[in-house]
Amino acid sequence: MTIHIAEGDIAARTRAIIADLRFLEGPLLPILHGVQEEFGYVPREAVPVIAEELNLSRAEVHGVVTFYHDYRDHAAGRHVLKLCRAEACQSMGGDAVAERVKTLLGIDFHQTTLDGSVTLEPVYCLGLCACAPSAMLDGEVYGRIDDQMAAELVAEARR
């Protein structure tokens, strides 16, 4: 299911977020987080509004959105499953876990299942290096992921 939001609505809601956060030191990242929280992603139509309000170029705002992996340019699924791709997790079998999860979901990183239930994203360290490999499902972290736990996480996300 795709939800369409009127461009004027995006601009107005983005300006409201900017008004609340523009006086922070270095407000761009908090504003982008606020926009993503509001819409589930950073709409293309929000970029020129942010640029204008912060006296930045559109390229500067776009560059920040595309540089950081946490920002999306499209809506995510109902659940977001993040798999750690850092070296510690890879050395403890993270690549095999990632392949298992991709197979179970039928998607690759940065994709959403056809039913819109799960978006799969790579993340480059969840801070659980001692419990590698690790994952995060909707903000909750899991360590020592094996084939069985990977299947359980996918099943939970599919609900």
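The report below goes from the overall fold to single residues.

## Basis of the model

The model is predicted; local features need pLDDT of at least 70, side-chain atom pairs count only at pLDDT 80 or more, and totals for chains, interfaces and linings use all residues. Residues are numbered from 1 along each chain as its sequence is written, and side-chain values use heavy atoms, with hydrogens and water left out.

## Overall fold

The protein has seven helices and five strands. Helices (H or I, at least four residues) and strands (E, at least two) are DSSP runs, numbered from the N terminus. In sequence order the pattern reads α-α-α-α-β-α-α-β-β-β-β-α. The C-alpha trace spans about 50 × 35 × 25 Å along its principal axes.

Of the 159 residues in the protein, 42% are buried. Buried means under 20% relative accessible area, exposed over 50%, and partly exposed in between (1.4 Å probe, protein chains only). Contact means heavy atoms within 4.5 Å. Take the contacts between residues at least 6 apart in sequence: 59% of them join residues at least 24 apart.

Two packed helices are described by the angle between their axes and the distance between the axes. Axes are lines fitted to C-alpha atoms, for helices over the stretch in contact, and angles run from 0 to 180 degrees between N-to-C directions.

Helix α3 covers residues 46–54 and helix α4 covers residues 58–67. They pack at an angle of about 120 degrees, with their axes 8 Å apart. That makes α3 oblique to α4. Angles under 35 degrees count as roughly parallel, over 145 as roughly antiparallel, 65 to 115 as roughly perpendicular and the rest as oblique. The crossing of the two is right-handed. A crossing is right-handed if the near helix is turned clockwise from the far one by less than a right angle, and left-handed if anticlockwise.

On the α3 side, the contact uses Val47, Pro48, Ile50 and Ala51. On the α4 side, Arg58, Val61 and His62 meet them. By class, the α3 contact with α4 has five nonpolar, one polar and one charged residues. Ala, Val, Leu, Ile, Met, Phe, Trp, Tyr, Cys and Pro count as nonpolar, Asp, Glu, Lys and Arg as charged, and the others, Gly among them, as polar.

## Helix pair α6 and α7

Helix α6 (residues 94–105) packs with helix α7 (residues 147–158) at an angle of about 35 degrees. Their axes are 10 Å apart. The crossing of α6 and α7 is right-handed. From α6, the contact takes Val97, Arg100, Val101, Leu104 and Leu105. From α7, it takes Asp147, Ala150, Ala151, Val154 and Arg158. The classes in the α6 contact with α7 are seven nonpolar, no polar and three charged residues.

## Salt bridges

Side chains of opposite charge can pair when their charged atoms come close. The whole structure holds 11 salt bridges. A salt bridge is a side-chain nitrogen of Lys or Arg within 4 Å of a carboxyl oxygen of Asp or Glu.

Asp9 bridges to Arg13, with the closest N and O atoms 3.3 Å apart. The two are four residues apart in helix α1 (residues 7–21), so about one helical turn separates them. Asp9 is partly exposed at 37% relative accessible area. Arg13 is partly exposed at 26%. Glu38 also forms a salt bridge with Arg13, with the closest N and O atoms 2.8 Å apart. Glu38 lies in helix α2 (residues 28–39) and Arg13 in helix α1, so the pair ties together parts that are 25 residues apart in sequence. Glu38 is partly exposed, at 38%.

Asp108 forms a salt bridge with Lys102, the closest N and O atoms being 3.2 Å apart. Asp108 is partly exposed, at 37%. Lys102 counts as buried, at 17% relative accessibility. Through shared partners, salt bridges join Asp9, Arg13 and Glu38 into one network.

His79 sits in strand β1 (residues 79–84). Is His79 buried or exposed? His79 is buried, with a relative accessible area of 18%. Leaving out residues up to four places away in sequence, His79 touches Ser117, Val118, Thr119, Leu137, Asp138, Ala157 and Arg159.

Val141 belongs to strand β5 (residues 140–142). Val141 counts as partly exposed, at 36% relative accessibility. Leaving out residues up to four places away in sequence, Val141 touches Leu128, Ala135 and Met136. Val141 and Asp73 are 68 residues apart in sequence and 24 Å apart in space, C-alpha to C-alpha.
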